[in-house]
Number of protein chains: 2
Amino acid sequence: MHIKEFQRMMRQIYFHHDSRRGKAKTYAWLREEIDELGEALEENDKKALESEFADVLAWLASLANVVNIDLEKAALSKYDTKCPKCRKTPCACPLSK
Amino acid sequence: MHIKEFQRMMRQIYFHHDSRRGKAKTYAWLREEIDELGEALEENDKKALESEFADVLAWLASLANVVNIDLEKAALSKYDTKCPKCRKTPCACPLSK
């Protein structure tokens, strides 16, 4: 599924809730999902990991809907087959991170 | 672009770095990107927001690569056109979040 289609699906399922909740609370819930992803990483349980990755992506798309950002367009505008810093694939930047 | 293709593109650009950095540090960087997204939300600058949404999605895909999770499969397995809790579109759960 395209990133754009996933974001549209999230809009169809959740936008009535997301828009009422607003950006601050939706962002807060995205942070909670990031915490839960961290816990699943420590447990190393594949089923839990899949569920938490799904939730983070879902809340990221919901937040993008609330602030009217096209997630696919934003991602491909920055990451267009090359590292946005060194312009190479694979990235030739030093491993500072 | 499909979610799966975006994850594969991240692998081509960054997996040599991501795999050396490992899951704990890659997760830590995802958290930093979430912080930066929060700052961009407060500033309400569309260009900055697009860039930070792109970074969060990129680091989420990198982390999924490190722990061998198929992000698209995980997302569609949980969010298959309906809310996974009430099984309805739009979601009919009470707005508790």
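Trainee: At what angle do helix H2 (residues 23-43) of chain A and H1(B) pack, and how far apart are their axes?
Mentor: The angle is about 175 degrees and the axes are 11 Å apart (lines fitted to C-alpha atoms, for helices over the stretch in contact; angles run from 0 to 180 degrees between N-to-C directions). H2(A) and H1(B) are therefore roughly antiparallel (over 145 degrees). Helices here are DSSP runs of H or I, at least four residues, numbered from the N terminus.
Mentor: This is a predicted model, with local features needing pLDDT of at least 70, side-chain atom pairs 80 or more, and totals for chains, interfaces and linings using all residues. Residues are numbered from 1 along each chain, chains are lettered from A in written order, and side-chain values use heavy atoms, without hydrogens and water.
Trainee: Which residues make the contact of H2(A) with H1(B)?
Mentor: Among them are Tyr27(A), Leu30(A) and Ile34(A) from H2(A), and Tyr27(B), Leu30(B) and Ile34(B) from H1(B). Contact means heavy atoms within 4.5 Å.
Trainee: Now the whole interface. How much area do chain B and chain A bury?
Mentor: About 5,500 Å², 71% of it on carbon and sulfur atoms (accessible area lost on being put together, 1.4 Å probe, summed over both parts). Each side is listed separately: 62 residues from chain B and 62 from chain A.
Trainee: How many salt bridges between chain B and chain A?
Mentor: Four, counting a side-chain nitrogen of Lys or Arg within 4 Å of a carboxyl oxygen of Asp or Glu. One salt bridge joins Lys78(B) and Asp55(A), with the closest N and O atoms 3.0 Å apart.
Trainee: Which helices of chain B supply at least two residues to that side?
Mentor: H1 (3-43), H2 (46-66) and H3 (71-78) of chain B. H1(B) gives the largest share, 22 residues.

How values were computed: Buried area = accessible area lost by both parts, 1.4 Å probe. Parallel < 35°, antiparallel > 145°, perpendicular 65-115°, else oblique.
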